[in-house]
Amino acid sequence: MSSKIVVVGSCMIDFTCFSPRLPKPGETIIGSRYEIKYGGKGANQCVAAAKLGASTAIIASLGSDIYAQEYLEIFKKENIDSSHVQIQANEHSGIAHITVTEDGENSIVIVLGSNALLSIKHVNSAANTIKNAAVLLCQFESPLETILHALKLHKDHGLSIVNGAPATKDVDSELLKLCGIFCVNETEAEVMTGVQLMGLSNIQHAVDKLLDKGCDTVIVTLGEQGAAYASQNNRTVKMVSTKCVQPVDSTGAGDAFLGALAYFKAYHPALSMDECIRRACVVATESVLKFGTHASFPNRSSLSPDLFA
């Protein structure tokens, strides 16, 4: 059976320290606790979609270490098809060093490790899985030529969503033209366009620049302010608000949003873009109320049935 949502992306092991605040350059501060969790934008988005009830597959690259074996168990538990996950000999799995502050802010350093070895050949071996997907979901934590190749394989077969994270300044315009939806947060939008996203006119300016690069639809996630979007058909930015909550950990909120967006696009294709984004914002907002990434993503059973109507 083919998976409705296929993710070509990264798996990371998150080493997280919790501290009162972010340290200043050269400063050592004492944190309160430490955790090892399983993340990476690709895997996170896949897990977020699976928890909503999507049939999912991931095409990814793990290292020859204990963390890789743990990750495969997680995919099994979440009913994610991991038959296209490759284990790379003599390479460590990708890692992220994360610091989370008491008010829910975070700073992250990643080392790609095995993720850098996700190749075009690897993607070709999963060509049928990619072509049969209703939604293909990719990010910038994998080699961009590999992502571009996956988008070419999926062209004319369904919707492609690309998350421009981590922020990358010069992206091949062909890649941007091939994706149906290009999604970034405020920081990533600023890196790509040089526009600071203060106020609606600046958001419009940044979105216009991304549309000029060839993107069909652009979504900018704005944290507690929800999201903004526009498309080639209607370039006037529309804002979608979300309810205000007191976050405990914002790590992975963007991934919860993207996994949910892919879910609603795959399973409720008749919904308007506005409504898909609104529902994805609800899922993302739920995720900031719990610590961690996978553990913070809501299960379908914990959400209002109205969300799936």
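Contact here means heavy atoms within 4.5 Å. By that criterion, among contacts in the protein chain between residues at least 6 apart in sequence, 67% join residues at least 24 apart. The model shown is predicted, so local features need pLDDT of at least 70 and side-chain atom pairs count only at pLDDT 80 or more, while totals for chains, interfaces and linings use all residues. Residues are numbered from 1 along each chain as its sequence is written, and side-chain values use heavy atoms, leaving out hydrogens and water.

**The whole chain**

Begin with the entire protein chain selected. Its C-alpha atoms fill a box of roughly 50 × 45 × 40 Å, taken along the principal axes. The radius of gyration, taken over C-alpha atoms, is 18 Å, which agrees with the value near 19 Å that a compact globule of 309 residues would have; the globule rule is 2.2 Å times the number of residues to the power 0.38.

Next, display the secondary structure. The chain has ten helices and 13 strands; helices (H or I, at least four residues) and strands (E, at least two) are DSSP runs, numbered from the N terminus.

Colour the chain by accessibility. Of the 309 residues, 55% count as buried, that is, under 20% relative accessible area with a 1.4 Å probe, protein chains only.

**Helix α1**

Select residues 41-51, helix α1. Ten of its eleven residues are buried, so the helix is largely enclosed by the rest of the structure. Among the buried residues are G42, N44, C46 and K51. Then move to G53, which follows α1 and has a positive phi, near 110°.

Select residues 94-101, strand β6, which is mostly covered, with seven of its eight residues buried.

Show A96 with I110 of β7, which stands opposite. Finally, follow the chain from β6 to β7: the two strands form a hairpin with four residues between them. Within that turn, select G104, where phi is positive at about 90°.

Terms used. Buried < 20%, exposed > 50% of the residue type's maximum accessible area, 1.4 Å probe, protein only. Pairing = 2+ DSSP bridges.
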